[in-house]
Protein chains: 2
Amino acid sequence: MNPPAVVRSATSSAGRAPLTAIVRDEIIRMIEAGALAPGVWVNEADLAARLGVSRAPIREACRGLEQSGLLSFVVNRGAFVREIDPVEAAELYDLRSALFALAGRELAPVIHEKQLRILAKLLDDMDAAADDGDLDVYYPLNLLFHQTLLEFTGNRRLLLTYQSIIRELHLFRRKALVTRERMSDSNAEHRAIYAALRAKNPVAAASLMEAHVLNAKKRIFQTIPSREAAG
Amino acid sequence: MNPPAVVRSATSSAGRAPLTAIVRDEIIRMIEAGALAPGVWVNEADLAARLGVSRAPIREACRGLEQSGLLSFVVNRGAFVREIDPVEAAELYDLRSALFALAGRELAPVIHEKQLRILAKLLDDMDAAADDGDLDVYYPLNLLFHQTLLEFTGNRRLLLTYQSIIRELHLFRRKALVTRERMSDSNAEHRAIYAALRAKNPVAAASLMEAHVLNAKKRIFQTIPSREAAG
DNA sequence: ATTTCCAAAATTGTCGACGATTATTGACAG
DNA sequence: CTGTCAATAATCGTCGACAATTTTGGAAAT
């Protein structure tokens, strides 16, 4: 008999975290790592065995992930990682642009020096990565830059909704053609946003941040769709 | 006996809907009907007995509702209807205003005559209700008007996100002081929105719709908090 | 070789059960 | 009368089991 996987020790001291939460995070991790690609079927028994738990916490976690748009259930066939088609991806980009603009409008009046320094550091790092043409460095920094802006607003709800949309958008697996030039262009937009925030100009920040997301949308859809979706 | 692949309708052939979905809808209904007030504990065994099912579908449904912000789980104590505090309510209003503005921006360029007539009818009905000072008629019409605008955009994702926020906001149970005058003011804003849409002016529509939600926010927070939450 | 059919295997949806944790009751002391 | 604390009851989180449904694999037929 296989010993239970070492999973139950997330918070050891007090009452341990419910298995459902652990499973939920693990599935999210697998999706983001690519171990669970869009369209792929989620085998409950298999996951249960691998995590050393029963199917109940698995199913509860999947129901949560269904609601957050990462999984979809088909009756008597189980749960599947959702596939985002171009139409829905476009809708998600529009949503994201509106939320990002809102973040800018809320952040500009209240941003302070310490926060600006953190952003400036990220901008420099991204420029360095762009000069090297190193997407593996640029991409996470880019995500972090956006997320940091959202966090600085102090609007918890806005951050959560934004993150949820980003996760879903991640299921739209069309790779944009990322060139050194595009990274530089993108970071130039970041610097314009930074300037508007530093100037504490809500209207400019909102406008630039909205445009920034819509430009990203354009770049994705201008890229010729690759033939890799079929499995 | 191989039916064409297209008509795999979920209605008749494949038996009944999963219990989880039924339970989920029932809990939502109870919340909206006030049978489950914010802060109230959701008794799993009780619900299971009343609906004639086991606890498994109940728990799965609750996990979904947790993710959509209507319930919150406390370890070893179960699920509770969430309570929205003023801070979070304010955040939700801001989100809602951004989404409503986006709807206006997207709808204005594409709205057509048939849709405008439907809106005009709603406006007239709301004015009638406002003249009568009948909130019980005005309030549902008001909800319908907003939802219809979202539907007309054709942006499914936007509609879903908006509805989710509205549901959560419903958990912030502070009653605004609704007078005949306020209903008239509100509907005057509706008519301004209608005019901007009819003129196919995205900028004006977005701006008016954003302001409309922010005015509603103001009205809620100007109302003196009532002593009814505790219990 | 392809299609049709049917039994076997796999999987889902749902249920009841059990230990662990939390809430409640009620005796008892101050 | 009030507060403490143990015994009891209620509830949660989790598990394994089972019927219904779907998928699989291969034999039979075209």
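How many positive and negative side chains does chain A have, and how far apart do the centres of the two sets lie? Chain A has 30 positive and 28 negative side chains, with the two centres 4 Å apart. Lys and Arg count as positive, Asp and Glu as negative; His and the chain ends are not counted. Each charge is placed at NZ of Lys, CZ of Arg, CG of Asp or CD of Glu.

This is a predicted model, in which local features need pLDDT of at least 70, side-chain atom pairs need pLDDT 80 or more, and totals for chains, interfaces and linings use all residues. Residues are numbered from 1 along each chain as its sequence is written, chains are lettered from A and ligands numbered from 1 in the order written, and side-chain values use heavy atoms, without hydrogens and water.

**View 1. The fold of chain A.** Chain A holds 9 helices and 3 strands. Helices (H or I, at least four residues) and strands (E, at least two) are DSSP runs, numbered from the N terminus. Their order along the sequence is α-β-α-α-β-β-α-α-α-α-α-α. Of the 231 residues in chain A, 45% are buried. Buried means under 20% relative accessible area, exposed over 50%, and partly exposed in between (1.4 Å probe, protein chains only).

**View 2. The contact between chain A and chain B.** Chain A gives 30 residues to the contact and chain B gives 29. Contact means heavy atoms within 4.5 Å. The two chains bury about 2,500 Å² between them, 54% of it on carbon and sulfur atoms. Buried area is the accessible area (1.4 Å probe) that two parts lose on being put together, summed over both.

**View 3. Salt bridges across the chains.** Chain A and chain B share 10 salt bridges. A salt bridge is a side-chain nitrogen of Lys or Arg within 4 Å of a carboxyl oxygen of Asp or Glu. One of them joins A:Arg105 to B:Glu210 (3.3 Å, N to O). This pair runs from helix α4 (residues 86-107) of chain A to helix α9 (residues 202-222) of chain B. A:Glu210 and B:Arg105 also meet in a salt bridge (3.3 Å, N to O).

View 4. A:Asp46 and A:Arg50 form a salt bridge, their closest N and O atoms 2.4 Å apart. About one helical turn separates them, because they sit 4 residues apart in helix α2 (residues 44-51) of chain A. A:Asp46 is partly exposed at 35% relative accessibility.

**View 5. A buried pair in chain B.** B:Arg219 and B:Glu189 form a salt bridge (3.8 Å, N to O). B:Arg219 lies in helix α9 and B:Glu189 in helix α8 (residues 180-198), 30 residues apart. Both are buried.
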